[in-house]
Amino acid sequence: VEASIPEPLREAWKKHSASEFTNKEEFEKELVRHIETTLARSLYNCDELAAYSGTALAFRDRLIIEWNKTQQRQTFTDQKRVYYLSLEFLMGRALDNAMLNVGLKEAAREGLSDLGFQIEDVISQEHDAALGNGGLGRLAACFLDSMATLNYPAWGYGLRYRYGIFKQEIINGYQVEIPDYWLDNNPWEFPRHDVTVDIQFYGNVKKYQGENGKIAHSWEDGEIVQATAYDVPIPGYGTKTTNNLRLWSSKASSGEFDFQKFNAGDYESAVADQQNAETISAVLYPNDNLERGKELRLKQQYFWCAASLFDIVRRFKKTKRAWSEFPDQIAIQLNDTHPTLAIVELQRILIDKEGLEWDEAWNIVTKTFAYTNHTVLPEALEKWSVPLMQNLLPRHLQIIYEINLFFLQSVEKRFPKDREILSRVSIIEESHPKMVRMAYLAIIGSHKVNGVAELHSDLLKTTLFKDFVEIYGVDRFMNVTNGITPRRWLHQANPRLSALIAEKLGSYEFLKDLTLLDKIEAFVDDKAFRAEWAEIKRENKARLAKHIKATTGFDVNPNALFDVQVKRIHEYKRQQLNIFGVIHRYLTIKNMTPEQKKKVVPRVSIFGGKAAPGYWMAKTIIHLINKVAEVVNKDPEVGDLLKVIFIEDYNVSKAEIICPASDLSEHISTAGTEGSGTSNMKFVLNGGLIIGTCDGANIEITREIGEQNIFLFGNLAEDVEDLRHRHFYGDFKLDPQLERVFNAIKGNTFGDAGDFSALTNSIEEHGDYYLVSDDFNSYVTTHDMVDEAFLNQEEWLAKSISSVARMGFFSMDRVTNEYADSIWNVEPLNIKEDE
Ligand code: F55
């Protein structure tokens, strides 16, 4: 408040307030100004990178102006805000998105062209912001886009990793990981060196007599690490709302601690402390759906939760409201269990720092938080060892025990005869060492828990969280099926398709209300429309073919059926099923007469995705794909009939090229294992058909687009347990067609069979946990039906068009409104145009 300019001086101030460029001429002026001053370059040394930086700076100025206004407006109206806590934000590139959102991409295209640059080349200079692993991180990014577009007052909170997800190179068929240092020259972040929080670790807890004679606790000594805020503006599409993403960076606290060391001449040890502190925000853990219980990961979680909570509470306290109003002003969404310590931290602040009674504080906490679960895989459920937590966060562990005590007492009261239930639902698992079950803590500390697709949410209620449904009632548990932002995943990735749709519908309004897409179904028989639709797909395939040629050296035929599986490599996602299917196809072609070959539909099987660096089976799958590619792609007997491509370093910007270019994409997880999947939605929205299991959101996609428009196969979730059980008791017979595939592998067709024995053994010898053999026949038969369908291009086109028409449900805007209405209870902040 002291920093505010006094009222009488504000006129002078306002006269010079920054203004925004609104057309090509003004854009060019800003661009040249930034290149010549901010970047200290000139027309004699302006390369594409400088053109990118200049363009980004010009658009950044526009975002900053609206960002400041949005934040002022949100502070002034002081209505309820949402805070989205996520350890991952998989943002991808920002410039193209910013240009489209403010509606000045065409002005920039022409301006850049006047000055000697092609906008596409300029855009592609930008380094992806890859602060995430996969679907969970990308969902967080889609949330930010929708929350801004729908004018919700919302902030994201995350960590500012120095290294995002590693870059993947394929060398001799193996994945090699390269660190992703992405921060140099990032114009999209703003350091807030005045917004810092001291975060405590280790130390011990002292009990003392409070003022009123009550026992109180204080957490003393230990180490202090400083959190510094870095803010990133998040523009909405076609709105002035520009929200904030706040990322925390760690460094040694500039307190007395290291000061003493410096004075004592212990320079080296002071620097070591410095580096130690910086390590906290150094690197994103590259595991998806696997939690490994590392101390540094727990430090990251607490560092980020504590900094964010301090910030949120500080902002709330400025309003001078009563504590009881906290949940009316603030909703906090937990993206998985990674931020669960925020629940404990808020309880600690309220009782230890603010002097509230336990019950009053706990009531506030549970009304504030809600938790989203993304997986039922047991290896992905977070558990932290009690000794580890005792050492790092002694006061938090006490509070967790206290939460557990009150919880178990209430359970005991309600189920007095059930002795078993207490150990089943206890936050503390009685193992050696004891473990804190973070998902249970998250449920107990939240008022709403949601899964991310119908089947997934049902499985949560009937298996993983069954006891909690009994305890709290079914109303605490709900489903919100995931979605995607149509801005990035249709308009930005596939501008021609977006333009064609806009032409038919009369405007781009569908980008704000995706259900309007249903109006294009009327054109499904329109010849010119169909031809245009087909031509756009062809062009997008040609663009991908060009990328494949440039990066792998392989030529692929754009008229072939492009069959794509791009996602993190995981046994449950079953890329092994896909590559075995490819080998099956290869062997089948090799056995054909020339006459038979003429009837084969040419295919390009395209794979992409990263394996967690320590996940050997996933790395073996990548290796096999690359070895199969080597053999198949140079086999003259096969020629154009089959090509196998592994696209290196799959990320958000590559997805923007790949999604619009698929004819068919694969979403083939073992039934019951994929929470939702979101790339399935991206592919269908871009006019691709999909082959998939009855899993995750595939089920709802089928319901929306119709069974005739999707290729479903495989066993159902309800039969999985029984099949696994039977395998375990020796009732297993390898599918005969899969046996032929395995024989080829074992005969060294794709190099040393020993390299792949872990993979074949997992199926033949170790119970085929993911049911690859059980689903194989159904899988290859369904692929035959795909070929058959592709032969009838007119039918295929009709499927493509009517599927897109029915995808409105999967807009992230629908998702965001559902969270807002049924979990957060927040309203949009509507802004007038002239404000
Ligand atoms: C990352 C770290 C840990 Cl410790 C655990 C999980 C992850 C992770 O990346 N999970 C993830 O991406 N989950 C996915 O979330 C998507 C969005 O809800 C779902 O669509 C997808 O099914 C699910 O696997």
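A helix here is a DSSP run of H or I at least four residues long, numbered from the N terminus. With that settled, I opened the model, which is a predicted one.

**Entry 1: the shell around the ligand**

I started with the ligand and looked up its neighbours. I found 20 residues surrounding the ligand, with L136, H374, N482, E674 and G677 as the closest. Next I sorted the shell by class: 10 of its residues are polar, 5 are nonpolar and 5 are charged. Which helix gives the largest share of this shell? That turned out to be α7, spanning residues 135-149, with 3 residues.

For N482, I noted a polar side-chain atom 2.8 Å from an oxygen atom of the ligand. With S676 the backbone is involved: one of its N or O atoms sits 2.9 Å from a ligand oxygen. G677 also uses a polar backbone atom, and I read 2.8 Å from there to an oxygen atom of the ligand. How much of the ligand's exposed area does the protein bury? Taken alone the ligand exposes 540 Å², and the protein buries 97% of that.

**Entry 2: a pair of helices**

Last, I turned to helix packing. Two packed helices are described by the angle and the distance between their axes. I picked α23 (residues 575-590) and α32 (residues 772-791), whose axes come within 10 Å and cross at roughly 60 degrees. Angles from 65 to 115 degrees would count as roughly perpendicular and those under 35 as roughly parallel, so I logged α23 and α32 as oblique to each other. I also jotted down the handedness: α23 passes α32 in a right-handed crossing.

Key: Residues numbered from 1 in each chain as written. Predicted model: local features only at pLDDT ≥ 70, side-chain atom pairs only at ≥ 80, totals over all residues. Heavy atoms only, no water. Near = heavy atom within 4 Å. Polar contact = N/O pair within 3.5 Å; in protein donor to acceptor, adjacent residues only side chain to side chain. Areas by Shrake-Rupley, 256 points an atom, 1.4 Å probe, with all protein chains shown as cover. Helix = DSSP H or I, 4+ residues; strand = E, 2+ residues; numbered from the N terminus. Nonpolar A, V, L, I, M, F, W, Y, C, P; charged D, E, K, R; others polar. Axes fitted to C-alpha atoms, helices over the stretch in contact; angles between N-to-C directions. Parallel < 35°, antiparallel > 145°, perpendicular 65-115°, else oblique. Left-handed = near helix turned anticlockwise from the far one by under 90°.
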